[in-house]
Every structure is written in structure tokens, then in C-alpha cells.
Amino acid sequence: MRSARHSRWSVALVAAILAGCQTPRVAPPTPPQIKTITLARYEPSTLAQVPALRDADLVAAWPALLASCNVFDKSVKRDRWAAACAAVRLAGTDPSAMRTALQAQFGVYRILTETREANGNGGEARTLDLTDRGRLTGYYEPELNGSRTQGDQYTVPLYRVPDDLLAIDLGTAYPELQGKRVRGRISDANSKRVVPYWSRADIDGAQRLRGQELLWVDDPVEAFFLQIQGSGRVRLANPGDGSPSIVRVGYADTNGQPYKSIGTWLIERGELTLENASMQGIKAWVRTNPQRLRELLDQNPSYVFFRELPLGDPSVGPVGALGVPLTAGFSVAADPQFTPLGAPLIIRSTSAADNSPLERLVVAQDTGGAIRGPLRFDFFWGTGAAAGEIAGRQRSDVYAWVLVPKDARPEELLR
């Protein structure tokens, strides 16, 4: 027995020595990650090739288009839009005249997203992907309960633009970066170094902005989604000083930190499925995991600051990035790098309200921190809880065509 056991040990020892003498395996190098850029491609089309527009939808969308024309009249784009907007005004409320105006004065372009390999050597870059399918989400104007003073249940601050926030226009020094801005702050009193502005964890968790409160509301989750929507209404408890009982708050600025989706964070950790990662699903998750609320919200370092606005006509929507009130069901947020702000679009998608086809004329009158790309749009559903219920579930494919004056191309109107 000793001899047999010794023999087995000898064989094992020799095998180990031989293995140690072999050249160790080296893992193959990780291929370099391909850097890509996203571009828009605009293919000429015609009204006959786009989804048919119902008369009722066309009439309902026309006031939003007229509002865009009123903005163009006062801008440097006035001459480019003059003939098209004149035809829009002459159409009145007749859907037949509206179609004639679109046919006679607008060019139609199908929007495609091109993903191209970034080529730093000056050569021609490869096209990696080309698609006409994009993504449509929804947003709305929320209504919150609040107060001008902290107390009782009103413990969650909405902040005004902080005094120490710097907004630096890069285009003033680098013409190729025209329109690009960064936010930051001076690192300390003894330094002139600009550093990124405080993140959400710093602002809410470490309370870095005490004294900069605009209003106080009663729900941290609703306050978070108010920042995502960009504007809302606050019903004030016992104003007592003759001030209005309902005010609007609108987007004033941001901390400049990148937007990160808390829904994606929950999906990646298996907390929610893709189907359940809606606003309603996230709120339900918070109700069952209240101790993890701060952890969840801090995953999005981006932070929005507000300004108080008069309520005005309660039947109209909040003012969007174009400077006009949004029209429920007919205004969308778009990426101004790829869609001329104020321009009409024809979209084909699916409505979250009843899963019916959503095919209509809409107008790009707003922007959003998460709305990035040629075929990325946010559909404005209106004001209040009912609109929020639909907006929170709106996540569907979208196909889109942009309409511009006959003598122009979309690219020319982006500048």
C-alpha cells in the first residue's frame, strides 16, 4: 500500500512540476472599445408617404403651430419661416386649408438615426447602424402640496438657482463649442479653480444649499419627479398673506451633473423588470423600500433648480423651452441638436392611454435633460394625476418626419 500511494504522489508531483514549467496562459487583450458618434439623416419625403392626419387632430394641433410662428416672428429665423407661417395663419380653422398649407409651404423629411464610428484620423468613418425607429416617452405637469415655510409635513425643499452656481458658455472662447455650457462652482474661497457643482447627494443628503429654498413640499418622491418633468404646480397651504393659493414652478437651471435613470438602476439590480420600471412602478418600489429612498434618488446626480411663476390661465400648460405654453397632446420635447425647436413633426407611435395608434402632427416646443438623439421625443400629456398616470406608462417606438419651410433643409434651421 505504501508503494502504491507513493507512486500516485510521484505522478502528481511530476505533473505539477511540468505544469509549472509551461509558459503561463495569457488572456487575450481586450479589443479597444469602438467610439461612436450619433448623427441625424434627413430623407426627403412627401405628405402622401406619412401617416394620415385626422381632421380633429390637425385642428387641435394648429394652435401649437401658430404659437411657434409667433416666436419665429420675433427671432432671427423670421425670414426663413415667413412664407410658411403666413400660410399657417391663413388656414384658419379649416382642416382642408391646413392640409393645403402644409402641402404648399412645407418640405417633409423622414428622420433617421445614424451611428457612426468616430474616426480621429480624418478618414471616412464607418456607419455602424442606421434606423428610422426611435423612442417616445411621456411627461406631464405634476401638482404638489407645499408651503412657503418649512414645518409640519412640508420638509422637502425646492431650491432656487444657488448664488454660487457658475454657468460657463464655452462658445465664447471656443467657437466650435457654440451653444455648449458647463456648470460649476469655485472650489473654495482661496482658490480660483472651477470644479463640478454639487451632486444630488451633496444637495439633499448633505444639505449644501440651506437658505436657498424657494418652497417646501411634502413628498420627496414627488419632488424628484417634479425635477424630471421640469415644471409643475404647487398648491400652497394657508398662504395667509393674500398671495395665490396655487403657483407654478418652472425650470430655472441645473447643476450640470449628468442625468442617470433611477429606473435603469433598479432594472440592472433586478429590483424591477423593464415592463415595471415606469414612474408608477418606481413609486410602488419606494413604498415597499422606504429605507432605501435616499440611495435610490442619489443614483441620479443631476439636479434641477426652479423659479416661481404666476399660474396664469389654469387651462393651459406650462411654458416650454420655446417660450410658449405647451399644448397637451400636441407639444413634444425634442433634442435641439437634431430637431429645430418650434418645428412641426408628424409622428407614428402607440398611445399609452389605450394602446391605440398615435399618429398626429405635433410641435417641438420643449427640451429635456434625458431627451437626447435624433429620434428621441417626450410627449406632453397635460396637467395633474390623470395625465401623470398616462405619461408614466408612455414608452413606445416612434417614427417621425420633420416639416420645414420648402426652401430649407432641417440642418439649416438647427443653427
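**Around strand E6**

A: Let's start with a pair of residues: Pro 157 stands opposite Trp 216, which sits in strand E10. Keep in mind that this is a predicted model. Pro 157 belongs to strand E6, which covers residues 156-159. E6 and E10 (residues 213-217) run antiparallel, and four bridges join them.

So what about the two faces of E6, buried or exposed? Both are covered. Val 156 and Leu 158 are buried on one side, while Pro 157 and Tyr 159 are buried on the other.

Ser 199 has a relative accessibility of 16%, so it counts as buried. Leaving out residues up to four places away in sequence, its contacts are Asn 255, Gln 257 and Pro 301.

Now for the nonpolar cores. The largest has 69 residues, and Trp 62 and Phe 377 touch the most other members. Helix H2 (residues 55-72) gives the largest share of this core, with seven residues.

Not counting residues up to four places away in sequence, it touches Ile 111, Leu 136, Ala 333, Ala 334, Leu 345, Ile 371, Val 398 and Ala 400, along with Arg 135, Thr 137 and Thr 339.

Charged side chains are worth a stop as well. Side chains of opposite charge can pair when their charged atoms come close. This structure holds 24 salt bridges. In one of them, the side chains of Arg 110 and Asp 132 meet at 2.9 Å, N to O. Arg 110 is in strand E2 (residues 106-117) and Asp 132 is in the loop between strand E3 (127-131) and strand E4 (134-141), so this pair ties together parts 22 residues apart in sequence. Arg 110 is partly exposed, with a relative accessible area of 25%, and Asp 132 is partly exposed at 26%.

Another salt bridge pairs Arg 233 with Glu 141, with the closest N and O atoms 3.1 Å apart. Arg 233 is in strand E11 (residues 231-236) and Glu 141 is in E4, so parts 92 residues apart in sequence are tied together. How buried are these two? Arg 233 is buried, with a relative accessible area of 8%, and Glu 141 is buried at 0%.

One more pair is Glu 411 and Arg 409, whose closest N and O atoms are 3.1 Å apart. Glu 411 is partly exposed at 31%, and Arg 409 is partly exposed at 29%. Elsewhere, salt bridges that share partners link Arg 41, Glu 114 and Arg 116 into one network.

Notes. Residues are numbered from 1 along each chain as its sequence is written. This is a predicted model: local features need pLDDT of at least 70, side-chain atom pairs count only at pLDDT 80 or more; totals for chains, interfaces and linings use all residues. Side-chain values use heavy atoms; hydrogens and water are left out. A nonpolar core is a set of buried Ala, Val, Leu, Ile, Met, Phe, Trp, Tyr and Cys residues joined through side-chain atoms within 4.5 Å. Buried means under 20% relative accessible area, exposed over 50%, partly exposed in between (1.4 Å probe, protein chains only). Contact means heavy atoms within 4.5 Å. Two strands pair if DSSP finds at least two bridges between them. A salt bridge is a side-chain nitrogen of Lys or Arg within 4 Å of a carboxyl oxygen of Asp or Glu.
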